[in-house]
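The text below goes through them in turn.

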Amino acid sequence: MGAALTVARRELAGYFATPVATVFIVIFLVLAGALTFTLGNFFGRGQADLIPFFSFVPWLFLFLVPALTMRLWAEERRLGTIELLLTLPLPQWAAVLGKFLAAWAFCGIALALTFPLWITVNILGSPDNGVILSGYVGCLLVAGAYLALGAAVSALTRNQVIAFVLAVALCFVFVAAGSPIVTEFLDTRLPVLAEIARNLSVAERFGGFTRGVIAARDLIFFASFIGFFLFVNAVVLDHRKAD
């Protein structure tokens, strides 16, 4: 873990050494606030909670997280520095995990900066702060799932645009899988696939956290999802290294 944390610290510092961090955080905060207070009908609902904010997070991350992951490995491959990184005296899994942890910590910082929303609902009413905290945990897990998938896709290509488009498309599949449109369509034709779609839906699993329910099955799902795509990331890199 020491090697992974060393890579994570280097990567996290790299985010803040360029405009990437500022641009990502500003766009995320502006969109989160705008969607919460306008489309989310924050004041019109007459309830002091962050449900409007949480309902948009999976869709915000759908575009912003791939923008973060598209450079993780694609940039290394384009610049030719991936060979240097993979020949350093550290396990390959440490490089994969370190880059993932850095991006995850960065997303955590972006989420933490939405604290004015939490303060606002406490000023306006008496929300269940336990439910809000649970929702934030869910947001962090959704970000981790997208990051792991996006990192695996980034390892496949040296073109950042391709990495971004593929990551958005795949993340969309896992978000939309549990939507009523998809599940109702499958229910009338292939009920088995409908149940599989619900079980694989990131949005469906995230819904429990927004209600204050931190279920073991949802934690296992996100842990397995993240672990699987980090494994895919490592396998892809190992294959590229062999080439």
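Predicted model: local features only at pLDDT ≥ 70, side-chain atom pairs only at ≥ 80, totals over all residues.

Residues are numbered from 1 along each chain as its sequence is written, and side-chain values use heavy atoms, with hydrogens and water left out.

α3 and α6 pack at an angle of about 140°, and their axes are 12 Å apart (axes are lines fitted to C-alpha atoms, for helices over the stretch in contact, and angles run from 0 to 180 degrees between N-to-C directions). The two helices α3 and α6 are therefore oblique to each other. On the α3 side the contact (heavy atoms within 4.5 Å) is made by Phe-53, Phe-61, Val-65 and Leu-68, and on the α6 side by Ala-103, Phe-106, Cys-107 and Leu-111. By class, the contact of α3 with α6 has eight nonpolar, no polar and no charged residues; Ala, Val, Leu, Ile, Met, Phe, Trp, Tyr, Cys and Pro count as nonpolar, Asp, Glu, Lys and Arg as charged, and the others, Gly among them, as polar.

α3 also packs against helix α8 (residues 129-154), at an angle of about 25° and with the axes 9 Å apart. That makes α3 roughly parallel to α8. Residues of α3 that meet α8 include Phe-53, Phe-54, Val-57 and Pro-58, and among their partners in α8 are Ile-132, Gly-135, Tyr-136 and Cys-139. The contact of α3 with α8 divides into 16 nonpolar, four polar and no charged residues.

Helix α2 (residues 20-37) has 18 residues and reaches 26 Å from its first C-alpha to its last, close to the 26 Å expected at 1.5 Å a residue; the expected span is 1.5 Å times one less than the number of residues. Its buried residues (under 20% relative accessible area, with a 1.4 Å probe and protein chains only) include Phe-24, Phe-28 and Ala-32. The buried residues of α2 pack against α1 (2-16), α3 (51-69) and α6 (92-112).

Which residues does Thr-114 contact, leaving aside its neighbours within four places in sequence? They are Phe-28, Leu-29, Phe-53 and Tyr-136. Thr-114 lies in the loop between α6 and α7 (115-124) and is buried, with a relative accessible area of 3%. Thr-114 and Ala-32 are 82 residues apart in sequence, yet 8.2 Å apart in space, C-alpha to C-alpha.

Note on methods
Helix = DSSP H or I, 4+ residues; strand = E, 2+ residues; numbered from the N terminus. Buried < 20%, exposed > 50% of the residue type's maximum accessible area, 1.4 Å probe, protein only. Parallel < 35°, antiparallel > 145°, perpendicular 65-115°, else oblique.
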